[in-house]
Amino acid sequence: MRLPDIWTGLGFAVLGIFVVLQAQGFPEPAGAASPRLFPRIIGCGFVLFGLLIAGRSLAARMQGAEVRLLPPVEDWMRSPKRLARIVFVPLSVVLYGLLAPMLGSLPVSVVLVFVTALLWDERPIAAAVVAVAVCLVVTLFFIEVMRVPLPTGPFPGSLF
């Protein structure tokens, strides 16, 4: 599947605006290169080239070229399970970001990995075992090896 250029360009422009706005909150140390400089440059590049791509697509459409605004429906898109697999990936990222600070990283991760495994036709018991094992290993790796504090949710001081 290939998205029409207008949507791809607008998507990159929106992503660039988001990056620039998020970079505004980064600290700005005196006398040194600011950590917000590089994200700003990348974000501005996303906005610029995204608008160029979208504008080129619109210009071609205004000149009479056949430019689709919607992607063609392909065979795999008619399967609800396949669409659920695709939609669940970005949805799980959003859900993790929203739920992990409240409920803790480990429980949220286990549920998301479990649902992902079920969407990929894994048997429920195997999906549960894999979800718990993978999430425990990854959580321990982040906490103990990389020293990244993960959200603990309502259980401060615990692995959750």
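The structure is a predicted model, in which local features need pLDDT of at least 70 and side-chain atom pairs count only at pLDDT 80 or more, whereas totals for chains, interfaces and linings use all residues. Residues are numbered from 1 along each chain as its sequence is written, and side-chain values use heavy atoms, with hydrogens and water left out.

Helices here are DSSP runs (H or I, at least four residues), numbered from the N terminus. The axes of helix α3 (residues 80–103) and helix α4 (residues 105–119), which are lines fitted to C-alpha atoms over the stretch in contact, with angles from 0 to 180 degrees between N-to-C directions, come within 9 Å and cross at roughly 175°; the two helices are therefore roughly antiparallel to each other. The contact (heavy atoms within 4.5 Å) involves residues including Phe88, Leu95 and Leu99 of α3 and Val108, Leu112 and Val115 of α4.

Within α4, the residues that are buried (under 20% relative accessible area, with a 1.4 Å probe and protein chains only) include Val108, Leu112 and Leu119, and what covers the buried residues of α4 includes α3 and α5 (124–145).

Arg85, which lies in helix α3, counts as buried because its relative accessibility is 15%. A polar atom of the Arg85 side chain lies 2.7 Å from the backbone oxygen of Leu119, and Arg85 also touches Trp120 and Asp121. Asp121, which follows α4, has a positive phi, near 70°.

Key:
Angles under 35 degrees count as roughly parallel, over 145 as roughly antiparallel, 65 to 115 as roughly perpendicular and the rest as oblique. Buried means under 20% relative accessible area, exposed over 50%, partly exposed in between (1.4 Å probe, protein chains only). A polar contact is a pair of N or O atoms within 3.5 Å; within protein, one must be able to donate a hydrogen and the other to accept it, and residues adjacent in sequence count only if both atoms are side-chain atoms. Lists of a residue's contacts leave out its neighbours within four places in sequence.
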